Amino acid sequence: MRTLDDILKDGAALFVFLSDAGTAAGPAGVLLAMGSQDLRVADTAARAFQEVGADYLVCSGGFGKDTTGLLKEPESVLYARRCRELGVPADRILIEDKSTNSGENFCFSRALLAERKIYPRTGVVACKPYMAKRAWATGTKQWPEVRWSVFRQELSLTEYLSQGNDLTAVLNLMVGDLQRLRAYAGIFQAPVPVPEPVWQMYERLAADGYNRYVIGAS
């Protein structure tokens with residue numbers, strides 16, 4: 001059994017790797033707030049709307065693997081309410097409340113805008129820090145007409161946990177996300193290189209028991 005210090009060392013490095021994606025710059029046609037258990041993403045989305053600018057903010061998310069049974073309202077509804085509180089105009093916010101995973105976040109949001117004859121060419125994703133790389137890869141594959149960048153909190157794993165996020169939950173989610181970068185490459189997501197040392201972190205953390213969202217785990 002590894003020590004907590006060893007686990008945290010791998011977790012911190014994995015957090016940095018997963019958080020590294022193209023930084024948002026300039027106004028976008030659409031700002032997509034990806035639903036999750038981390039409701040602070042709504043704050044991130046509101047800040048992105050104010051600092052980067054977008055024609056529309058789509059709050060996307062129903063109940064996913066980490067929010068089913070946890071939230072009383074869809075992720076997107078909670079996000080939209082918070083964004084309005086933070087000053088995003090209500091007429092610029094659209095709610096997509098049926099998606100249950102990251103691919104559906106993009107596909108269903110795309111359909112929602114198309115119903116309104118809105119066809120953006122540039123987009124910004126607001127998401128959890130460690131979702132950045134996978135969000136970019138998913139959007140690039142699922143909505144290729146849009147050139148995607150990412151807006152996220154810039155902080156370390158330690159700082160992220162200090163906001164009240166649970167270590168076990170975060171490690172489980174990061175391990176699952178890292179696996180999906182390889183498993184879904186070219187299928188549901190654009191390929192993203194995963195260096196062997198990073199993959200070894202995944203294997204060690206999964207072996208430590210942080211495998212709740214690993215595909216094929218019993």
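Student: What makes the crossing of helix 2 and helix 3 right-handed or left-handed?

Tutor: The crossing is right-handed, a term used when the near helix is turned clockwise from the far one by less than a right angle, anticlockwise being left-handed. This is a predicted model, in which local features need pLDDT of at least 70, side-chain atom pairs count only at pLDDT 80 or more, and totals for chains, interfaces and linings use all residues. Residues are numbered from 1 along each chain as its sequence is written, and side-chain values use heavy atoms, with hydrogens and water left out.

Student: Why is helix 2 called oblique to helix 3?

Tutor: The axes of helix 2 (residues 41–51) and helix 3 (residues 75–85) come within 9 Å and cross at roughly 45°. Angles under 35 degrees count as roughly parallel, over 145 as roughly antiparallel, 65 to 115 as roughly perpendicular and the rest as oblique, so helix 2 is oblique to helix 3.

Student: Which residues of helix 2 and helix 3 meet?

Tutor: With contact meaning heavy atoms within 4.5 Å, Val-41, Ala-42, Asp-43, Ala-45 and Ala-46 of helix 2 meet Tyr-79, Arg-82 and Cys-83 of helix 3. These contact residues divide into six nonpolar, no polar and two charged.

Student: What lines the largest pocket?

Tutor: Its lining has 28 residues, of which Lys-65, Thr-100, Asn-101, Ser-102 and Arg-134 lie nearest the centre. Helix 4 gives the most to this lining, with five residues. The lining residues divide into seven nonpolar, 13 polar and eight charged.

Notes:
Axes are lines fitted to C-alpha atoms, for helices over the stretch in contact, and angles run from 0 to 180 degrees between N-to-C directions. Helices (H or I, at least four residues) and strands (E, at least two) are DSSP runs, numbered from the N terminus. Ala, Val, Leu, Ile, Met, Phe, Trp, Tyr, Cys and Pro count as nonpolar, Asp, Glu, Lys and Arg as charged, and the others, Gly among them, as polar. On a 1 Å grid over the protein atoms alone, a cavity is a set of points where a 1.4 Å probe fits but cannot get out, and a pocket is an open set with protein on both sides within 12 Å along at least five of seven lines; lining residues have an atom within 4 Å of a point.
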